[in-house]
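User: Hi! I am new to reading protein models, and I would like to go through this one with you step by step.

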Amino acid sequence: MATAPAAHGDDSGRDDASGSSGSSGSDDDDSGLEPGAELAEEAARYARLGWMRATSGNLSVVVGTDPVRILVTAADVVELDGAGVPTGRTPTGLAATPSASAGGSRTGDRPRQPSAEAILHARLIGLTGAAAVVHLHTVASVLAADRFPDGLTLRDHEMLKALGRAAEGDPVRLPVVTNSQDMAVLAERVSAAWEPATPAALIARHGMYVWGADLLAVRHRAEAVEWLCEWAVRTAEQTVSWPR
Ligand SMILES: [Zn+2]
């Protein structure tokens, strides 16, 4: 299988999660939205695309450091320890805005535990240095994982530039991992399959995880991953040969 190339410009898989400002990134800062509202707006955008059907999918963004704090859709705020592992504590002083995919606000007095999905978001943020993670259930990503269970290698596509990679002569491997209902197990699998220069992973019979420096960057990457998966599947159906 392809090994991870070294450096690929300023948008490589390992993001500069400077994040010290506690914001979600420079591009989306222009929106003037609070992180919770920004998260909800972004979730609504994916929902309109049909990429978060049946309340599936979730988004997260880093909202603080030392300790790292992550705002996750479904209104969870997760605190991480120094190793990027969820502490199980829910930080106070940050209003978590229910997202478009959330089932409503939580009762204020009940102790809150990080959602199961938050574990994987937290792991990816700790592993990759990303400041935003998006998880989506798209048809093309699932079809691609079915068709290429050992991973999908793409090259010579203009769309690869959206992943921070070269449009020519730069093989990009999208790892595929087996699904699990145990999010800790799934987090281990995604971590083990992580390609440092590829800011995405496919989960078989499930969907995709994509990460980056902010929600806007991740959106562009998610759209590119979806496009590339659709292309790969359609091409395979047509039995047209293409570089792998
Ligand atoms: Zn999911």
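This is a predicted model: local features need pLDDT of at least 70, side-chain atom pairs count only at pLDDT 80 or more; totals for chains, interfaces and linings use all residues.

User: In which sense do E7 and E8 pair, parallel or antiparallel?

Analyst: Residues are numbered from 1 along each chain as its sequence is written. Strands (E, at least two residues) and helices (H or I, at least four) are DSSP runs numbered from the N terminus, and two strands pair if DSSP finds at least two bridges between them. E7 and E8 have two bridges, and their sense is parallel.

User: Which residue of E8 is the bridge partner of Val-177?

Analyst: Val-177 belongs to strand E7, which covers 176-177. Across in E8, the partner of Val-177 is Ile-203.

User: What handedness does the β-α-β unit of E7, H5 and E8 have?

Analyst: Here H5 covers residues 183-193. A crossover is right-handed if, with the strands pointing away from the viewer, the path from the first strand over the helix to the second runs clockwise. The unit made by E7, H5 and E8 is right-handed.

User: How many bridges join E8 to E9?

Analyst: These two strands run antiparallel. One of the facing pairs puts Ala-200 opposite Val-210 in E9. The number of bridges joining E8 to E9 is four.

User: Which residue takes a positive phi in the hairpin of E8 and E9?

Analyst: This hairpin has three residues between its strands.

User: Why does Arg-205 count as exposed?

Analyst: A residue is buried if 20 or more other C-beta atoms lie within 10 Å of its own, exposed if 12 or fewer, and partly exposed in between, with C-beta atoms placed from the backbone. Arg-205 is exposed because the number of other C-beta atoms within 10 Å is 9.

User: Which helix do E5, E7, E8, E9 and H6 pack against through its buried residues?

Analyst: The helix we want covers residues 139-147, and its buried residues are Ala-140, Ser-141, Val-142, Ala-144 and Ala-145. Packing here is about contacts: two residues are in contact if their C-beta atoms, placed from the backbone, lie within 7 Å. The helix whose buried residues pack against those elements is H4.

User: Which residue does a cis peptide bond join to Asp-66?

Analyst: Asp-66 sits in the loop between E1 and E2, and has a positive phi of about 50 degrees although it is not a glycine. With 8 C-beta neighbours inside 10 Å, Asp-66 counts as exposed. Omega of the cis bond is about -5 degrees, and the partner of Asp-66 is Pro-67.

User: How far apart are the C-alpha atoms of Leu-49 and Thr-138?

Analyst: Leu-49 is in the loop between H2 and E1. With 14 other C-beta atoms within 10 Å, Leu-49 is partly exposed. Leu-49 and Thr-138 are 89 residues apart along the chain, and their C-alpha atoms are separated by 9.5 Å.

User: What is the mean pLDDT of the protein chain?

Analyst: pLDDT is the predictor's confidence in each residue, from 0 to 100. In this chain, 67% of the residues reach 70 or more. The mean pLDDT is 77.

User: Over residues 1-29, what value is the pLDDT below?

Analyst: Beyond near neighbours in sequence, this stretch has 70 contacts in the model. Residues 90-111 have 45 such contacts, with a pLDDT below 50. For residues 1-29, the pLDDT is likewise below 50.
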